[in-house]
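Q: Hi! Could you help me look at how the helices in this protein pack, and then at its pockets?
A: Happy to, let's go through it together.

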Amino acid sequence: MTIRWLTPEEQRAWRAYVAASLLLEDAIDRQLQHEAGMPHLYYSILANLSEVPERRLRMTDLAEKLKITRSRLTYAVTRLEKDGLVRRENCRWDKRGSIAVLTDEGMAVLERAAPGHVETVRASLFDRLTPEQVGQLEEICTHIAQGLQGDDGAGAPEDVPWRRRSSPSCS
């Protein structure tokens with residue numbers, strides 16, 4: 001097998017992407033920890049639940065939306081449950097599944113955290129880009145995500161995060 005090493009241009013682009021993504025995630029996490037006492041993942045769970053009908057979503061579907069493993073989601077939801085921000089319900093149509101539900105308290109926390117989060121995202125990312133670059137960023141990220149999750153016609157890979165299981169669960 002021949003290794004296709006990165007060209008100097010690709011290496012620079014890769015390193016710039018890694019630096020930017022790590023710094024952006026750190027800025028968002030720090031802001032959310034400081035203002036809302038939660039990491040970005042927990043905020044993302046609340047935000048995703050707030051956007052669906054009745055603020056409820058099957059755990060496997062939520063894991064797919066978040067692009068994380070079901071076990072990682074289960075751990076995070078358990079923590080959010082302890083804080084009263086989310087509750088779990090049994091899935092009526094599938095005895096093995098469960099539903100995550102955003103509570104009124106969780107919605108209130110999200111509403112308090114959202115303005116600071118949006119300002120951090122805007123200041124850290126969008127204020128640094130031209131409108132043309134925003135469009136390019138969306139196009140590039142969408143293309144990469146589609147390829148990695150099989151939405152580009154190549155077939156759905158079985159090893160996407162939300163299909164991984166470390167142990168049997170009913171999520």
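Q: How do the axes of α1 and α5 cross, and at what angle?
A: This is a predicted model, and in it the axes of α1 and α5 come within 10 Å and cross at roughly 155°.

Q: Parallel or antiparallel, then?
A: α1 is roughly antiparallel to α5, because angles over 145 degrees count that way.

Q: And is that crossing of α1 and α5 left-handed or right-handed?
A: The crossing of α1 and α5 is right-handed.

Q: Which residues make the contact?
A: From α1 you have Leu24, Ala27, Ile28, Gln31, Leu32, Glu35 and Ala36. From α5 come Ala113, Gly116, His117, Thr120, Val121 and Ser124. Sorted by type, the contact of α1 with α5 has seven nonpolar residues, five polar and one charged.

Q: Okay, switching to pockets. What volume does the largest pocket have?
A: The largest pocket has a volume of about 2,000 Å³.

Q: How many residues line the largest pocket, and which lie nearest its centre?
A: The lining has 40 residues, and Tyr17, Ser21, Leu24, Glu25 and Cys141 lie nearest the centre. Leu24 is also one of the α1 residues in the contact with α5.

Q: Which element gives the largest share of that lining?
A: That's α1, with ten residues. The elements that give two or more residues are α1 (8-36), α2 (40-50), α3 (59-66), α5 (104-124) and α6 (131-148).

Q: And how does the lining divide by residue type?
A: The lining of the largest pocket has 25 nonpolar residues, nine polar and six charged.

Key
Residues are numbered from 1 along each chain as its sequence is written. This is a predicted model: local features need pLDDT of at least 70, side-chain atom pairs count only at pLDDT 80 or more; totals for chains, interfaces and linings use all residues. Side-chain values use heavy atoms; hydrogens and water are left out. On a 1 Å grid over the protein atoms alone, a cavity is a set of points where a 1.4 Å probe fits but cannot get out, and a pocket is an open set with protein on both sides within 12 Å along at least five of seven lines; lining residues have an atom within 4 Å of a point. Grid points are joined across faces, edges and corners, and a volume is the space filled by probe spheres set on the points. Helices (H or I, at least four residues) and strands (E, at least two) are DSSP runs, numbered from the N terminus. Ala, Val, Leu, Ile, Met, Phe, Trp, Tyr, Cys and Pro count as nonpolar, Asp, Glu, Lys and Arg as charged, and the others, Gly among them, as polar. Axes are lines fitted to C-alpha atoms, for helices over the stretch in contact, and angles run from 0 to 180 degrees between N-to-C directions. Angles under 35 degrees count as roughly parallel, over 145 as roughly antiparallel, 65 to 115 as roughly perpendicular and the rest as oblique. A crossing is left-handed if the near helix is turned anticlockwise from the far one by less than a right angle, and right-handed if clockwise. Contact means heavy atoms within 4.5 Å.
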